[in-house]
Amino acid sequence: MTTLFPENSLSARQSASFILAKRKPPIDKTEWNSFFDENGYLAKSRDFICVNILERGLHPGVRTEAWKFLTGYYSWQSSQDERLTVDSTRRKNYEALCQMYEKIQPLLENLHQNFTKTQNNIACDIQKLYDKDPLGNILVDKKRLEKILLLSYVCNPQAEYQQGFHEMVMLFQLMVEHDHETFWLFQFFLQKTENSCVITIGVGKNLDMLSRLIAILDPTFAEHLKGKGAGAVQALFPWFCLCFQHAFKSFDDVWRLWEAPTPPPQVLLTGKPCRNLQVLVAYSMLQMVREQVLLEGMSGDAILLACNNLIDLDADELISAACMVYAELFQKDVPQPLKEFFL
């Protein structure tokens, strides 16, 4: 039998042990600091840290700094002094971009129809954004959020604005203190996920691989999805466009998933246990509605509705389920394109 993963990857047994063992507490500030020497260089391997993030998650007090490594904002080979220089440089570059944008904004509004359309879409999405916590406290500054989104669009016209980007940037704004950090983390996140989740071309490939995965692991379900349930899988593109953020019960769960698959996203950003874990996550979510779909003989629209009703999920449970799928797939003789997708 041709096995799916090389010897030096996180093995199926390791994934299964993560599921079966009681999860250790998240990595806190004291433990995170122990990963570095007195000059701020890594004292542990990057793989060691990423596996621990996958299996345990991050304490909120560590998340901001850890995400800067996971997204590429910081180099894993950098010292503490070098990281201070990077922060200063990114702040200055962000300020320069803001100044440039202020100068060219009138020109863009007058001459570029796409910019005006995107500007209106962003303003509409920001207006609808619920920005308060359960106690009614304001969580984010909508004006700052809008500015970051417009600047991101101007700097990355190939990464067209998509509905849901405003919610992603809000999550980054909640994580960090300064606007330049929010902006650059979002840019690096887009780069990390351009072939896996966020950008349209990556979404299409994810959906295709999800269909292939279902066909291999669950032929009965696959047959239904080809017949009466036709179109259901292709309609799940918001899962990938939004990196599953609408499926969870808290911001912490969204961050937990994002920091926990591909080389990249923390699960999506660690590259553990394999590349493109987001497809295994989507498969695991579909399995939650499988029995209902087959029992009721659901059509494509009904399946989509059932999937959209998957909310308030627990990130750790979903990661565990995806790792179990990984362990199952590890035992299969899979086609080469699917094999390469996860290697």
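This protein has 19 aromatic pairs, counting rings of Phe, Tyr and Trp (its six-membered ring) whose centres lie within 6.5 Å; planes under 30 degrees apart are stacked, over 60 edge-to-face and the rest tilted. The model is a predicted one: local features need pLDDT of at least 70, side-chain atom pairs count only at pLDDT 80 or more, and totals for chains, interfaces and linings use all residues. Residues are numbered from 1 along each chain as its sequence is written, and side-chain values use heavy atoms, with hydrogens and water left out.

**Rings and charges**

- Take Phe 172 and Phe 189: their ring centres are 5.6 Å apart and their planes sit at 65°, so this pair is edge-to-face.
- Phe 172 belongs to helix 8 (residues 165-175) and Phe 189 to helix 9 (residues 179-193), so the pair ties together parts that are 17 residues apart in sequence.
- Phe 172 counts as buried at 0% relative accessibility, and Phe 189 is buried at 0% too; buried means under 20% relative accessible area, exposed over 50%, and partly exposed in between (1.4 Å probe, protein chains only).
- Ring pairs also join Trp 32, Phe 35, Phe 36, Phe 48, Phe 69, Tyr 73, Tyr 74, Trp 76 and Phe 188 into a cluster.
- Two rings of that cluster have a charge sitting over them (NZ of Lys or CZ of Arg within 6 Å of the ring centre and within 35 degrees of the ring normal): Lys 44 lies over the face of Phe 48, 5.2 Å from the ring centre, and the charged end of Arg 83 is over Tyr 74, 5.9 Å from its ring centre.

**Overall build**

- The protein has 18 helices and zero strands; these are DSSP runs numbered from the N terminus, with helices (H or I) of at least four residues and strands (E) of at least two.
- Of its 343 residues, 52% are buried.

**A look at Ser 320**

- Ser 320 sits in helix 17 (residues 315-329) and is buried, with a relative accessible area of 16%.
- Ser 284 is 36 residues away from Ser 320 in sequence, and their C-alpha atoms are 9.5 Å apart.

**Confidence**

- The average pLDDT (the predictor's confidence in each residue, from 0 to 100) is 81, and 83% of the residues score at least 70.
- Residues 1-10 have pLDDT below 50, with 26 contacts beyond near neighbours in sequence; a contact means heavy atoms within 4.5 Å.
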